[in-house]
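Here is a short report on one protein model. Look at the structure first, then read on.

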Amino acid sequence: MASDGNDPDETLLQGVGRGDPTAVRALLDRRLPRILALARRMLNDAVEAEDVAQETFLRAWKQARAWRPGGARFDTWLHRVALNLCYDRLRRRREVVTDAPPEQADPGPAPDAGLLGAELSRRVEAALAALPARQREAIVLCHHQGLGNIEAAALMAISVEALESLLSRGRRTLKASLADLRAG
């Protein structure tokens, strides 16, 4: 199977399909950081993000032998798998019913939270986590994952216009949520 040049991961996928540990490491080095970042931003939980990344790559390894070029790029497919796993976890969070509220982390600043950058980062992450899921997905894909509007729209299975609408509403909500930071 020769590379058609459309998918930069095709050669590595062929190696993964053959069980080549060097190809596995190279593909992980290339794609794991972005998948982890995507899951962290979608879930706002580093441990769950690592679980999602692990499951995403397990699915990739299972599909590597059967992967056929010509359809979606592997990176696009990998993002879709990760997003679906994130949505599964977010749905399960809403479905959990308990007798007592879960133990909460102290919402106050940590002893070393005097650093303005850490507080700013926390506020931005909290505002991002509070967005509706589709707006958050659009913002994460375009602004944090660096995807273009066309690729992000295709990944979300929506039109570019719908993506731009989600981005616009998400940005407005983030701007309003973080307005007090601009005044200071």
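## Helix α2

Asp 20 caps the N-terminal end of α2, with a side-chain oxygen 2.9 Å from the backbone nitrogen of Thr 22. The model is predicted: local features need pLDDT of at least 70, side-chain atom pairs count only at pLDDT 80 or more, and totals for chains, interfaces and linings use all residues. Residues are numbered from 1 along each chain as its sequence is written, and side-chain values use heavy atoms, with hydrogens and water left out.

Helix α2 covers residues 21-43 and has a kink of about 45 degrees at Arg 31, shortly before Pro 33. The bend is the angle between axes fitted to the seven residues ending at a residue and the seven starting there. Helices are DSSP runs (H or I, at least four residues), numbered from the N terminus. After α2 comes Asn 44, with a positive phi near 55 degrees.

## Arg 89

Arg 89 sits in helix α4 (residues 74-95). Is Arg 89 buried or exposed? Arg 89 is buried, at a relative accessible area of 18%. Buried means under 20% relative accessible area, exposed over 50%, partly exposed in between (1.4 Å probe, protein chains only).

Not counting residues up to four places away in sequence, Arg 89 touches Leu 43, Glu 48, Asp 51 and Val 52. Contact means heavy atoms within 4.5 Å.

## Buried residues of α2

Among the buried residues of α2 are Leu 27, Arg 31, Ile 35 and Leu 43.

Key. Helices (H or I, at least four residues) and strands (E, at least two) are DSSP runs, numbered from the N terminus. A polar contact is a pair of N or O atoms within 3.5 Å; within protein, one must be able to donate a hydrogen and the other to accept it, and residues adjacent in sequence count only if both atoms are side-chain atoms.
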